[in-house]
Amino acid sequence: MSLLPPKPRVRESFERAAGSYDDAAVLQRQVCERLLTDFAPLPEPGAILDAGCGTGYGCRLLRTRWPGAHITAVDFATTMLAIARNEADTCLAADIEALPCSDESFSTWWSNLTVQWCDSGKVFAEARRVLRPGGQLALSTLGPETFSELSEAFVGIDRYRHTLPFSEPAAIRSALTVAGFSEVRVQRQTINMHYPNLKTLLRAIKEIGASSVGEGARSGLLGRSAWQRVQDAYEQHRTPAGLPARYDVILAYARK
């Protein structure tokens, strides 16, 4: 049984979040920029697929770097895709585990903070299928230290899962290798975001559509006493900048 949330639930969350996403997606933009900084494919890309494009910020960065490239944006949240249409040449409403694209149709496969919602084996097999020989892949995802403060705050409160089952960098490297990629490079970085209080932190996660955590998640609300205990536990992590939320960022690059 998969620990990932059901696809219809994930799609629904992102569909609802389209209107608030751009204002809330500060971390997503930072990661996207870091992913591009260390990506210098040769020859320069002529046809790029942005897998899980969201509202199109990645498309915009890619267009700035390679203005002559044809960019295809793919997302299964149609409300997100409707916004991304302003940034891409072609838009496809689809699941990146099953792309409606011909074999060897892209020179570059790009994905920013999407793979954690998917079966990575299926995603990477599809990425390799649609890439041309010598084509290059660049992706970002999240590792298991993501939201570690939140997980710690719930210790002793309940036994439910409060985050996605994030992959270790070694697992991402292995999955890319098994899919047939070579020249695999994996980097790991930590980004800390800060919020005035726990409610604001959790609201920010919800506003980007990332609140579903899959099998083993709590189905009801916490009682008032338990919620207060969680807040008190999280307060132990407070810094002068506010309450931290850790993002364990994995950047991966590979060639077909």
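Hi everyone, let's start inside the protein, at Ser111: this residue is buried, with a relative accessible area of 0%. Keep in mind that we are looking at a predicted model. Where does Ser111 lie? It belongs to strand β4, which runs over residues 106–112. If we leave out residues up to four places away in sequence, Ser111 touches Leu35, Ala51, Ala138, Leu139 and Ser140.

Now let's move to a loop. Leu99 is found in the loop between β3, residues 90–93, and β4. Is Leu99 buried or exposed? Its relative accessible area is 6%, and a residue under 20% counts as buried, so Leu99 is buried. Again setting aside residues up to four places away in sequence, the contacts of Leu99 are Leu49, Val74, Trp109, Glu126, Arg129 and Val130. For a sense of distance, take Leu99 and Thr177: 78 residues separate them in sequence, and their C-alpha atoms are 20 Å apart in space.

Next, please find helix α8, residues 198–207, on your screen. Which residues of α8 are buried? They are Leu198, Leu201, Ala204 and Ile205. These four cover an arc of only 125° around the axis, so they sit on the same side of α8. On the face turned away from that buried side, you will see Lys199 and Lys206, which are exposed. And what covers the buried residues of α8? The cover includes helices α1 (7–24), α6 (148–153) and α9 (224–235), together with strands β6 (182–195) and β7 (243–255).

Let's zoom out to the whole protein. How many helices and strands does it have? There are 9 helices and 7 strands. The radius of gyration is 18 Å, close to the 18 Å that the globule rule gives for 256 residues, so the protein is as compact as a globular protein of that length. Its C-alpha trace spans about 55 × 35 × 35 Å along the principal axes.

Of the 256 residues, 51% count as buried. If you take the contacts with a separation of 6 or more, 79% of them come from residues 24 or more positions apart.

Finally, the surface and the charges. The accessible surface comes to about 11800 Å², and carbon and sulfur atoms account for 50% of that. As for charge, the protein carries 29 positive and 28 negative side chains, with the centres of the two sets 2 Å apart.

Definitions and conventions. Residues numbered from 1 in each chain as written. Predicted model: local features only at pLDDT ≥ 70, side-chain atom pairs only at ≥ 80, totals over all residues. Heavy atoms only, no water. Helix = DSSP H or I, 4+ residues; strand = E, 2+ residues; numbered from the N terminus. Rg over C-alpha atoms; globule rule 2.2 N^0.38 Å. Buried < 20%, exposed > 50% of the residue type's maximum accessible area, 1.4 Å probe, protein only. Contact = heavy atoms within 4.5 Å. Areas by Shrake-Rupley, 256 points an atom, 1.4 Å probe, with all protein chains shown as cover. Lys, Arg positive; Asp, Glu negative; His and termini not counted. Charge placed at Lys NZ, Arg CZ, Asp CG, Glu CD. Arc of directions from axis to C-beta.
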